[in-house]
Amino acid sequence: MTAPSRPSRVERGDWQTPIDLARQVSRLAERIGARPASILEPTCGRGAFLTAAAEVFPDTPARGFDIDPGHLEAARRALLGYPVEVAFGDCFDVAWEDVLAAMPDPVLVLGNPPWVTSADLGALGSRNLPKKSNFKRFTGLDARTGKSNFDVSEWILLRLLTALRGRDFRMVMLCKSSVARRVMEYVAREGLALSGATYRIDARGAFDVATAAVVMTLATDPPGALPARGWAVFDSLDAEAPRRTMGVHRGRLYSDIDRFERTKGLEGQCTPAWRSGLKHDCAPVMELEAKDGALVNGLGERVDIEDSVVFPLLKGSDVANGRRPGRRFVLVTQRSLGEDTLTLRDQAPRAWSYLVRHEGKLDVRKSSIYRDKPPFSVFGIGPYTFAPYKVAICGLYKKFSFSLVEPHEGRPVVLDDTCYFLPFEAREEAEAALRALRSEEARAFFEARVFWEDKRPIGKALLQSISLKALGRSI
């Protein structure tokens with residue numbers, strides 16, 4: 001059989017599950033209590049999960065659906081002799097309630113739905129999407145913008161949960177960690193009598209993708225059972241005990257519900273407010289390096305511009321690794337957001353000439369935030385940018401490492417846009433904030449709320465949610 005072309009594979013999220021992983025997952029289903037009377041695989045591909053499930057539950061009738069006829073033929077060959085039926089079906093269009101009506105309880109639903117987002121498919125011009133519906137119930141602007149983007153697997157999982165309401169079932173599915181978290185929020189929001197857990201898997205080893213992924217399990221609660229406190233989080237498919245328990249409180253998901261309970265008294269609004277570092281999106285022109293007594297840009301040019309617009313720069317990696325300023329510098333074109341940059345022609349003419357010489361590179365910056373703004377604009381800029389003392393952290397690193405940033409040779413240090421910081425005029429205030437943020441109480445607070453698998457695990461919303469005043473009283 002001819003393998004699907006690359007665009008087709010991407011459109012369908014078509015990465016077939018290795019049979020060894022499918023067997024591990026099926027054995028996990030048995031270990032956690034699955035005793036199915038029927039089995040459903042909604043996107044069965046070439047049949048790895050159906051084969052593995054047939055080995056673990058050999059006498060249980062199963063049904064699988066897929067959109068690729070070649071995959072279905074391969075699945076039929078692999079499943080000869082087992083009570084398994086595979087059929088053509090687009091998971092977006094199958095009437096799952098009718099399918100499940102013919103399947104006795106308890107039902108085991110397992111598999112690996114496509115790992116692709118609606119935005120990815122839209123960029124490819126793909127039609128492999130469900131009919132448009134605001135299934136996440138966003139309103140207003142959120143319904144029209146990026147928040148309405150969704151993972152296809154999330155849509156499939158929530159669609160199946162709708163079809164399974166009132167049924168006795170267990171679901172064991174591979175998905176991104178972020179998708180499992182959103183399913184957990186949905187279960188809590190809808191008040192569904194379901195218990196769940198996640199088991200981390202090695203997505204790079206299994207699929208050669210750099211994505212945090214899990215096996216997500218869901219099961220119908222027995223009648224009269226008390227609601228679970230949260231979802232157990234296991235570090236592997238073989239782990240015997242969970243490392244922590246995720247939970248939802250008042251509609252918000254917490255990564256560690258026990259630590260949340262201990263630290264909820266620290267929640268509030270941080271004062272001063274956390275700020276983002278400078279965003280310019282043109283490092284070869286805007287960032288300079290000190291070499292042999294001169295400043296050199298990323299194009300290898302020596303740059304002679306006014307000191308008034310040049311500031312020492314620390315990038316996220318510098319902050320995370322405790323490096324001192326003095327090697328990198330940045331050209332800062334504004335002192336406040338939206339300020340007219342034409343004043344540079346008189347106040348810093350050499351800098352203006354330099355920028356005009358490279359305006360072609362600056363004009364093609366892709367972000368829409370620069371559209372209709374003064375030429376050579378930057379973002380993440382304001383009086384706080386020039387505060388002499390800052391307590392800073394890089395949002396990209398998977399550690400809570402706060403640093404004190406002091407002036408360099410009398411000049412305030414500017415941070416790049418991978419950083420967040422608290423601005424202070426006095427060193428004593430900055431040092432007090434740093435001590436508080438380095439305390440065990442602060443660490444427990446943040447660990448209860450961070451999801452390390454995210455691309456930028458430490459964000460402004462997380463940092464802003466701690467009250468420095470309450471934290472100061474607790475230590």
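Which residues does Arg-159 touch, not counting residues up to four places away in sequence?

Mentor: Arg-159 touches Val-94, Trp-96 and Glu-97, once residues up to four places away in sequence are set aside; contact here means heavy atoms within 4.5 Å. The model is a predicted one, in which local features need pLDDT of at least 70 and side-chain atom pairs count only at pLDDT 80 or more, while totals for chains, interfaces and linings use all residues. Residues are numbered from 1 along each chain as its sequence is written, and side-chain values use heavy atoms, with hydrogens and water left out.

Arg-159 belongs to helix H7. Helices (H or I, at least four residues) and strands (E, at least two) are DSSP runs, numbered from the N terminus. From Arg-159 to Asp-59 there are 100 residues in sequence and 28 Å in space, C-alpha to C-alpha.

H7 itself has twelve residues, which should span 16 Å at 1.5 Å a residue, and the 17 Å between its end C-alpha atoms agrees with this; the expected span is 1.5 Å times one less than the number of residues. Ten of the twelve residues of H7 are buried, so the helix is largely enclosed by the rest of the structure. Buried means under 20% relative accessible area, exposed over 50%, and partly exposed in between (1.4 Å probe, protein chains only). The buried residues of H7 are Val-152, Ser-153, Glu-154, Trp-155, Ile-156, Leu-157, Leu-158, Leu-160, Leu-161 and Ala-163.

The neighbour to consider next is H8. Two packed helices are described by the angle between their axes and the distance between the axes. Axes are lines fitted to C-alpha atoms, for helices over the stretch in contact, and angles run from 0 to 180 degrees between N-to-C directions. The axes of H7 (residues 152–163) and H8 (residues 177–190) cross at roughly 30 degrees and come within 10 Å. H7 is therefore roughly parallel to H8; angles under 35 degrees count as roughly parallel, over 145 as roughly antiparallel, 65 to 115 as roughly perpendicular and the rest as oblique. The crossing of H7 past H8 is right-handed, where right-handed means that the near helix is turned clockwise from the far one by less than a right angle, and left-handed anticlockwise. On the H7 side, the contact is made by Ser-153, Glu-154, Leu-157, Leu-158, Leu-161 and Thr-162, and on the H8 side by Val-179, Arg-182, Val-183, Tyr-186 and Val-187. These residues divide into seven nonpolar, two polar and two charged. Ala, Val, Leu, Ile, Met, Phe, Trp, Tyr, Cys and Pro count as nonpolar, Asp, Glu, Lys and Arg as charged, and the others, Gly among them, as polar.

H2 (residues 19–31) packs with H3 at an angle of about 45 degrees, their axes being 8 Å apart. That angle makes H2 oblique to H3, and the crossing is right-handed. H2 contributes Ile-19, Ala-22, Arg-23, Val-25, Ser-26, Arg-27 and Glu-30 to the contact, and H3 contributes Ala-48, Phe-49, Thr-51, Ala-52, Ala-53, Glu-55 and Val-56. The residues of this contact comprise eight nonpolar, two polar and four charged. Eight of the nine residues of H3 (residues 48–56) are buried, so H3 is largely enclosed by the rest of the structure.

Cys-44 lies in the loop between strand E1 (38–41) and H3, and its 5% relative accessibility counts as buried. Leaving aside residues up to four places away in sequence, Cys-44 touches Leu-50, Gly-64, Phe-65, Asp-66, Leu-72 and Val-86.

Most residues other than glycine have a negative phi, and most peptide bonds are trans. A cis peptide bond joins Asp-105 and Pro-106, with omega about -5 degrees; Pro-106 sits in the loop between helix H5 (96–101) and strand E4 (107–111). Another cis peptide bond, with omega about 0 degrees, joins Thr-271 and Pro-272. Asp-292, although not a glycine, has a positive phi of about 50 degrees. Asp-292 is found in the loop between strand E12 (287–291) and strand E13 (294–297), and at 79% relative accessibility it counts as exposed. Asp-281 also has a positive phi, near 60 degrees, and is partly exposed, with a relative accessible area of 38%.
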